[in-house]
Amino acid sequence: MEDIKAIQDEIIGEFEILGDDKESTIYYIMELGDQLPDFPETERKEDNIIKGCQSKVWLITNLQDGKIQFLADSNTAITKGLISLLIRVLSGRKAKEIMNADLYFIERIGMGNIIGSQRSNGLAAMIKQMKMFALAYQSKIDA
């Protein structure tokens with residue numbers, strides 16, 4: 001598996017191809033969300049909703065071979081695309097990798113200009129939640 005930096009650089013490259021075409025960029029983000037695996041209907045519950053997002057975003061995790069796997073869904077296409085980018089970068093990593101990840105791709109692809117401040121806050125909440133899961137797993141490992 002590629003490291004976090006390599007995946008972020010890959011994402012930056014994909015968005016550079018789109019240039020400054022905001023419409024194409026938003027469409028591409030929505031397309032990425034469509035590629036997420038199906039989210040279990042039974043997990044669409046209040047406990048799994050990320051607080052601080054305008055849209056509903058459900059996020060669940062499990063630990064496989066010492067690596068955290070994330071699965072998510074959202075009720076809006078753009079938000080689903082955003083969480084899919086985070087999953088692409090962070091899923092399948094050890095807890096410490098996630099906790100220490102510098103997610104520079106978000107700024108480099110100009111995400112703030114694309115999604116606006118409301119969704120930027122939601123994106124920050126998604127990142128915070130994913131890092132909190134990593135912290136919780138790490139504390140179990142260290143215990």
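Me: Gln 35, buried or exposed?
Reply: Gln 35 is exposed, at a relative accessible area of 58%. Exposed is over 50% of that area, buried is under 20%, and partly exposed is in between, using a 1.4 Å probe and protein chains only.

Me: What kind of model is this?
Reply: The model is predicted, so local features need pLDDT of at least 70 and side-chain atom pairs count only at pLDDT 80 or more, while totals for chains, interfaces and linings use all residues. Residues are numbered from 1 along each chain as its sequence is written, and side-chain values use heavy atoms, with hydrogens and water left out.

Me: Where does Gln 35 lie?
Reply: In the loop between α2 and β1 (57–64). Helices (H or I, at least four residues) and strands (E, at least two) are DSSP runs, numbered from the N terminus.

Me: Ser 84 is in α3, then. How do α2 and α3 pack?
Reply: Their axes are 7 Å apart and the angle is about 70 degrees. Axes are lines fitted to C-alpha atoms, for helices over the stretch in contact, and angles run from 0 to 180 degrees between N-to-C directions.

Me: Which residues make the contact?
Reply: From α2, Ile 26, Ile 29, Met 30, Leu 32 and Gly 33; from α3, Ala 77, Ile 78, Lys 80, Gly 81, Leu 82, Ser 84 and Leu 85. Contact means heavy atoms within 4.5 Å.

Me: Switching to α1. Which of its residues are buried?
Reply: Ile 4, Ile 7, Gln 8, Ile 11, Ile 12 and Phe 15. Down the axis of α1 they fall within an arc of 140 degrees, so they line one face of the helix. The arc is taken from the directions from the helix axis to the C-beta atoms.

Me: What covers them?
Reply: The cover includes α2 (22–34), α3 (77–90), α4 (95–100) and α5 (105–108).

Me: What is on the face turned away?
Reply: Glu 16 and Ile 17, both exposed.

Me: And what follows α1?
Reply: Gly 19, with a positive phi near 65 degrees.

Me: Last one: Ile 98, buried or exposed?
Reply: Ile 98 is buried, with a relative accessible area of 0%. Ile 98 sits in helix α4.

Me: What does Ile 98 touch?
Reply: Leaving aside residues up to four places away in sequence, Ile 98 touches Ile 68, Phe 70, Leu 90, Arg 93, Met 130, Lys 131 and Ala 134.
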